[in-house]
Amino acid sequence: MSLSDHARHNREAWTGWAPEYAEWAPGAWTREFSWGVWRVPESELHALPDVAGKDVIELGCGTAYISAGLARLGARPVGVDITPAQLETARAMQEQFGLEFPLLEASAEDVPLPDASFDVAVSEYGASIWCDPYRWILEAARLLRPGGELVFLVNGTIFMLCAQEEEVPPGRELLRDYFGMHRFEWPDSDGIEFHLPYGEMIRLLRASGFEVENLIEIQAPEDAEPHGYAALPTPEWGRRWPAEEIWRARKTG
Amino acid sequence: MSSSDAERNRAFWDQRASSYQETHREHIGGPEPCWGIWQLPESELQVLGDVAGKDVLELGCGAAQWSILLAAQGARCIGFDNSERQLDHARAAGADFPLVHGSAESLPFPDGSFDLVFCDHGALTFADPHLVVPEVARVLRGGGLFAFSITGSLAWICWDDESDGVVPALQSDYFGLRRHEDSDGSVTFQLPVGEWIRTFRRSGLEVEALLEPRPPEDATTTYGYDLAWARRWPLEQIWKVRKP
């Protein structure tokens, strides 16, 4: 397996962040299935198809709390992540909570699993932002069976335009161009992130064999609590503009 | 039947039609079909495809600049507009195909009448998309295309009333974007990107493309928009959706 430069880079960054995420993992593993920093429950957003009895792959699972939630909804999840330290936490959580499912160390841009082995592919702040969409979305298409569903959460497009270089929340100013947005590097962070314009994401999904089903732009709930991520929008910002968005697409055929 | 918004916009366009056509005649009246604020050629954007022999409905045709050019390419066009005064301009321009007066909220055509329904800053700006999209889905044939341009959602929320233009900063909310009463007397509509997708899907339409055209460095307009802004952020959206 040959890793892309950004994959190597992000594995190193995530190895550094892993201890902090290990501390949060028990809480994330035990709460109701919810999405993103506002923790909007799936029971309100309905972003997922029915996953009961389905083969589900989580691309960039980290500590695998999303896979754990999927397993509790009756799915057969497989968690894929590139960072061994994150998968160690995921295994410790599996043991602690008695919930076992396969975990695989791999880049979501190059997954060593056969074509058409899953009904659903999910990513929440995983491959969806840390992998190159021109690679991982094609991989998701390959891994899904015909009619399979792809659901992934990314940062809000408008947030990406307003995101500050420093580790502080966005303001209202548009700080960078929309046209050509793709790869993001930040002076205060080791990670390399990706984000595409709306129209380009639709084009890429179609070109990868998906029908676009939905784009859920998540509004911070009225009682949203501060989330502890210094560079992400405040609840007040997130009430007015989308901090996060969830794409849902169906593989044709 | 037409809503109070449709009546309000009819009055607006009846009153505005002549000065609008005079102001923009040269800009939007070129010899080949062009899109929107910067008049980007259809030959480059390739939105509509081959129209020869197709039944085509233009929703909010104004003086029918588009339909006249598509009819010359062999399309069987119908120009539809909410303003009788705009249709007068279409007649004066030599439109020799049916021109129908009405609101796009309720289309006076049978189910499955058209291969292509389109507009360029037309009915999808001045009528409620939640009413228009199901109507378009109804009058399209299976396999038919619905394509339209509108001002982009980001441009809407970056609109600054004081300077009467787009600025490089968020001015109003994205959530809840839908209906706007303009100070000029018109009512205009825009939706968040995700709500457009859901609106199409609810009517059984498949999302084929969202073009966010970037105007070239030497683009010009008579609509008063800031080219520097439009070179960095999407001032316009062109949706292409299809009835399966």
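Strand 10 and strand 11 of chain A pair in the antiparallel sense over 8 bridges; strands are DSSP runs of E of at least two residues, helices are runs of H or I of at least four, and both are numbered from the N terminus. Two strands count as paired if DSSP finds at least two bridges between them. Within this pair, Asn214(A) stands opposite Arg248(A) in strand 11 of chain A. The model is predicted: local features need pLDDT of at least 70, side-chain atom pairs count only at pLDDT 80 or more, and totals for chains, interfaces and linings use all residues. Residues are numbered from 1 along each chain as its sequence is written, and chains are lettered from A and ligands numbered from 1 in the order in which they are written.

Strand 11 of chain A also pairs with strand 7 of chain A, in the antiparallel sense and over 7 bridges. Here Leu150(A) stands opposite Ala249(A) of strand 11. Of the 8 residues of strand 11 of chain A, 7 are buried, so this strand is largely enclosed by the rest of the structure. A residue is called buried if 20 or more other C-beta atoms lie within 10 Å of its own, exposed if 12 or fewer do, and partly exposed in between, with C-beta atoms placed from the backbone.

These strands belong to an open sheet of 7 strands in chain A, with the order 5-4-3-6-7-11-10 and mixed pairing. Strand 5 and strand 10 of chain A are the edge strands, each pairing on one side only. Neighbouring strands of the sheet are turned by 15° against each other on average, direction ignored. Axes are lines fitted to C-alpha atoms, for helices over the stretch in contact, and angles run from 0 to 180 degrees between N-to-C directions. Strand 6 (residues 118-124) and strand 7 (residues 144-155) of chain A run parallel and are joined by 6 bridges. Ala121(A) stands opposite Leu150(A) in strand 7 of chain A.

Helix 3 of chain A packs on this sheet and touches strand 3 (55-59), strand 4 and strand 6 of chain A, its direction making about 175° with that of strand 4 of chain A. Helix 8 of chain A packs on the sheet as well, touching strand 10 and strand 11 (244-251) of chain A, at about 145° to the direction of strand 10 of chain A. Contact between two residues means that their C-beta atoms, placed from the backbone, lie within 7 Å.

Helix 4 of chain A (residues 84-97) has 14 residues and reaches 20 Å from its first C-alpha to its last, close to the 20 Å expected at 1.5 Å a residue. The expected span is 1.5 Å times one less than the number of residues. Gln86(A), Leu87(A), Thr89(A), Ala90(A) and Met93(A) are buried in this helix. They cover an arc of only 155° around the axis, which puts them on the same side of helix 4 of chain A; the arc is that of the directions from the helix axis to the C-beta atoms. The cover over these buried residues includes helix 1 (5-30), helix 3 (65-72), strand 4 (76-81) and strand 5 (103-105) of chain A. The face turned away from the buried side carries the exposed residues Pro84(A) and Glu95(A). Gly98(A), whose phi is positive, near 65°, follows the helix.

In chain B, 7 strands form an open sheet in the order 5-4-3-6-7-13-12, with mixed pairing. Its edge strands are strand 5 (99-101) and strand 12 of chain B, each of which pairs on one side only. The twist averages 15° from one strand to the next. Strand 7 (residues 140-151) and strand 13 (residues 236-242) of chain B run antiparallel and are joined by 7 bridges. Phe148(B) stands opposite Trp239(B) in strand 13 of chain B.

Leu211(B) lies in strand 12 (residues 206-211) of chain B. Leu211(B) counts as buried because it has 21 C-beta neighbours inside 10 Å. Not counting residues up to four places away in sequence, Leu211(B) touches Gly199(A), Leu45(B), Val47(B) and Ile238(B).

The contact between the chains takes 25 residues from chain A and 23 residues from chain B. On the side of chain A that touches chain B, strand 10 of chain A gives the most, with 7 residues.
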